[in-house]
Amino acid sequence: MACNLGRLIRFKLVIPILRGRGSARYTARGVMVGVGSALTPFFGLQMLVAVFVWGAIKVVRPQWDFSLVIALAWTWVSNIFTLPLFFYVFIVTGKLMLGRWDELTGFWDFVDRLDMTMTVGTDRWDATLAVIVAVFEEWGEPLLLGSIPWTAGLAWLSYVLTLRYLRSMRATERARLGKAAA
């Protein structure tokens, strides 16, 4: 399982970064927007968030372009498997920021309540909307507030690390090609 997950991550997230022929900043901005969108608490709508950011950037600041394809790929960092962990961390962070220390619960208690919340709706769209409404009714304020530092911090970190990685890989490739030509 771990080997397959590693291959999946490599083929779906790392290879597109390496094969991208845009500038390192262009690609790193795509990763940043994707990770930032993935870490919003709008489960099921993260790809729409990335598309919205892409459209807004095109209108407001077109010179700050980024790879939409890479951004969309990186929104899959959050998925049905990582959702409970992300939501729990966001809610705990939000409650700590609001000074609600006495409202903190354990992870498994949270998962049980989340499971009960997520069993609403009839079809896919109705279920998605019902879950979003139920989650925000239950944990809205701390969830939103607690997601802000994680979203901003990890999006920025993903930009910096991707930029550093791409520059290093491209410098290595240039050096290898230079030795082969000599």
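Helices here are DSSP runs of H or I, at least four residues, numbered from the N terminus. I keep in mind that this is a predicted model.

**Entry 1, the nonpolar patch.** I looked up W150 and found it in helix α7, residues 124-181. W150, L154, L157 and L161 make a nonpolar surface patch of about 340 Å². W150 has a relative accessible area of 36%, so I log it as partly exposed.

My search of the whole structure turned up three aromatic pairs. One of them is W64 with F66, edge-to-face, at 6.2 Å centre to centre and 65° between the planes. Buried or exposed, I asked of F66? F66 is buried, at 1% relative accessible area, while W64 is partly exposed at 23%. W64 has another contact: the charged end of R29 sits over its ring, 5.3 Å from the centre.

How many salt bridges does the structure hold? I get two.

In one, the side chains of R100 and E141 meet at 2.6 Å, N to O. R100 is in the loop between α5 (83-97) and α6 (107-117) and E141 is in helix α7, so this pair ties together parts 41 residues apart in sequence. I noted R100 as partly exposed at 24% relative accessibility, and E141 as partly exposed too, at 48%.

The side chains of D65 and K58 also meet in a salt bridge, 3.4 Å from N to O. D65 comes out partly exposed, with a relative accessible area of 21%; buried would need under 20%. K58 is partly exposed at 37%.

Definitions and conventions
Residues are numbered from 1 along each chain as its sequence is written. This is a predicted model: local features need pLDDT of at least 70, side-chain atom pairs count only at pLDDT 80 or more; totals for chains, interfaces and linings use all residues. Side-chain values use heavy atoms; hydrogens and water are left out. Patches are made of residues with over 30% relative accessible area and no salt bridge: like charges are joined within 9 Å, nonpolar side chains (Val, Leu, Ile, Met, Phe, Trp, Tyr) within 5 Å. Accessible areas come from the Shrake-Rupley method with a 1.4 Å probe; for residues, only the protein chains shown count as cover. A salt bridge is a side-chain nitrogen of Lys or Arg within 4 Å of a carboxyl oxygen of Asp or Glu. Helices (H or I, at least four residues) and strands (E, at least two) are DSSP runs, numbered from the N terminus. Buried means under 20% relative accessible area, exposed over 50%, partly exposed in between (1.4 Å probe, protein chains only). Rings of Phe, Tyr and Trp (its six-membered ring) pair if their centres lie within 6.5 Å; planes under 30 degrees apart count as stacked, over 60 as edge-to-face and the rest as tilted. A charge sits over a ring if NZ of Lys or CZ of Arg is within 6 Å of the ring centre and within 35 degrees of the ring normal.
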